[in-house]
Amino acid sequence: TNCPHCKAVEPVDELMRTNLGLSTQEVFWHSTGCEHCHHTGFAARRAIYELLVMDQTLAQQIDKGVSADVYRASALASHMRSLPTNGIELARTGLVSLTEVYRACM
């Protein structure tokens with residue numbers, strides 16, 4: 001997580017915004033490093049994760065042996081929270097930097 005003592009507006013590259021599907025108006029935060037965080041910019045760790053709730057349709061697709069790409073598309077259509085989606089949600093709250101999300105997910 002971002003250190004709250006040295007948090008500042010994060011300059012986000014246009015290519016990163018494009019790859020993550022983000023608007024140019026969104027503001028993100030990162031930490032620059034200070035004595036509180038030993039000049040690392042980090043205060044703690046925060047997990048980002050995917051969450052898939054199994055339903056009947058997804059279970060049937062496993063039984064049919066569909067490809068991973070088809071299964072992932074079905075899971076996303078069934079409201080699965082993907083790793084990038086979860087990370088971007090955390091970055092929008094200011095808890096983590098968008099650069100760290102991009103590094104971890106892409």
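The axes of helix 2 (residues 56-64) and helix 3 (residues 68-77) come within 10 Å and cross at roughly 175 degrees. Helix 2 is therefore roughly antiparallel to helix 3, a term for angles over 145 degrees. Axes here are lines fitted to C-alpha atoms over the stretch in contact, with angles from 0 to 180 degrees between N-to-C directions. Helices are DSSP runs of H or I with at least four residues, strands are E runs of at least two, and both are numbered from the N terminus.

This is a predicted model, in which local features need pLDDT of at least 70 and side-chain atom pairs 80 or more, while totals for chains, interfaces and linings use all residues. Residues are numbered from 1 along each chain as its sequence is written, and side-chain values use heavy atoms, without hydrogens and water.

Which residues of helix 2 meet helix 3? They are L58, Q61 and I62, and their partners are V70, Y71, S74 and A75; contact means heavy atoms within 4.5 Å.

I turn now to helix 5. In helix 5 (residues 98-105), L98, V101 and C105 are buried, that is, under 20% relative accessible area with a 1.4 Å probe, protein chains only. These residues lie on the same side of helix 5 because they cover an arc of only 55 degrees around the axis, taken from the directions to the C-beta atoms. They pack against helix 1 (14-20), strand 2 (29-31) and helix 4 (83-93).

Definitions and conventions
Buried means under 20% relative accessible area, exposed over 50%, partly exposed in between (1.4 Å probe, protein chains only). Angles under 35 degrees count as roughly parallel, over 145 as roughly antiparallel, 65 to 115 as roughly perpendicular and the rest as oblique.
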